[in-house]
Amino acid sequence: RGRRHEEEEEEAASAASAATTSTSAPVDGAAPRRRVAREIANDLARTFPSHAWVASDEGQEALRRVLLAAAAHNPRVGYCQGMNFVAALLLLVCRGAAPSADGFTVPSASVHGEEAAFWLLSALVERVQYDDLYAEHLLGCQVELRVLEGLLHDKLPRLAEHLDAIKCDLKTLATDWFLCAFARSLPAETTCRVWDALYAEGGKVLFRVALALLADAEDALLAAPGAGEAYVALRAHCAASHDADALGAALPA
């Protein structure tokens, strides 16, 4: 089927493997703290590498501090891959609330910058998302993926049957959606709209957005002859989802 299709399938298989093997790193003692610090350091350069500020020395150090602080604040969870993308986008949003000649961009906020990003990340992990999403072995994430699989069969049965037929594992497509709260998948402006609802309404929002994306991309996914093509088609569809209102309208009944 050509080298391009082989590469797409290899990429999909790699993503599925990462979803299965990725774990959080709880912090309890000096050795685990050093391990968490190493894991965070390894992920810094991989976090939005094309963004000028995030990739800069200033951005990398800010991201390191927020992630280390969050891991120390919640030693049961520690650090899990995916948090780095959430923290980076939070930093970009909260940098806009920094002091300026005209005052604060968000004058009602009591904290800004890295401190605000830290508290928002901590709230997301501890209060907003469902329990154990970032737990060791990602048990909570696996449960959420099974729930999404059930919702897909209920709301979009034709698409569910097609994905089963081409052996396209849903966790290959959706693990990043839950662990990164769509920060790695959707355009930043759309992700921020999703987060507005997420912080207000809780983890159920991620299921609604996931179903809306799958419904909106249904035609492209039904045309995909294999798992690799389905993965690439959905990733491209997510990256082009700049209209949050249209995405909300795509939610299946």
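Helices here are DSSP runs of H or I with at least four residues, strands are runs of E with at least two, and both are numbered from the N terminus. This is a predicted model: local features need pLDDT of at least 70, side-chain atom pairs count only at pLDDT 80 or more, and totals for chains, interfaces and linings use all residues. Residues are numbered from 1 along each chain as its sequence is written, and side-chain values use heavy atoms, with hydrogens and water left out.

**Stop 1: R158**

Select helix α8, residues 157–165. R158 lies in this helix. R158 is exposed, with a relative accessible area of 55%. The classes are: buried under 20% relative accessible area, exposed over 50%, partly exposed in between (1.4 Å probe, protein chains only). R158 touches both, leaving aside residues up to four places away in sequence. Contact means heavy atoms within 4.5 Å. From R158 to L222 the C-alpha distance is 8.5 Å, across 64 residues of sequence.

**Stop 2: the whole chain**

Zoom out and colour by secondary structure. The chain has 14 helices and 4 strands. Of its 253 residues, 47% are buried. Take the contacts between residues at least 6 apart in sequence: 72% of them join residues at least 24 apart. The chain exposes about 12,400 Å², and carbon and sulfur atoms supply 54% of that area. Accessible areas come from the Shrake-Rupley method with a 1.4 Å probe; for residues, only the protein chains shown count as cover.

**Stop 3: the nonpolar core**

Select L121, Y134, W177, F178, F182 and W195. These touch the most other members of the largest nonpolar core, which has 75 residues. Such a core is a set of buried Ala, Val, Leu, Ile, Met, Phe, Trp, Tyr and Cys residues joined through side-chain atoms within 4.5 Å. Next, select helix α11, residues 204–216. This helix gives the most to the core, with 10 residues. Colour domain 1 (32–97 + 110–128) and domain 2 (140–250) separately. Both give residues to the core, so the core lies between them. The domain bounds come from an automatic or database domain assignment.

**Stop 4: F178 and the rings**

Stay on F178. Leaving aside residues up to four places away in sequence, F178 touches Q129, L133, Y134, C141, E144, L145, L148, L206 and F207. Now show the aromatic side chains. The whole structure holds 5 aromatic pairs. Rings of Phe, Tyr and Trp (its six-membered ring) pair if their centres lie within 6.5 Å; planes under 30 degrees apart count as stacked, over 60 as edge-to-face and the rest as tilted. Select Y130 and F207. Their pair is tilted, at 6.1 Å centre to centre with 50° between the planes. The two are 77 residues apart: Y130 is in the loop between α6 (113–128) and α7 (139–155), and F207 is in helix α11. Y130 is partly exposed at 36% relative accessible area, whereas F207 is buried at 9%.

**Stop 5: S241**

Move to the loop between α13 (227–239) and α14 (244–249), where S241 lies. S241 is buried, at 8% relative accessibility. Its side chain reaches the backbone oxygen of H237 at 2.8 Å.

**Stop 6: A41**

Finish in helix α2, residues 30–44, which holds A41. A41 is partly exposed, at 34% relative accessibility. A41 and R64 are 23 residues apart in sequence and 7.1 Å apart in space, C-alpha to C-alpha.

Notes
Polar contact = N/O pair within 3.5 Å; in protein donor to acceptor, adjacent residues only side chain to side chain.
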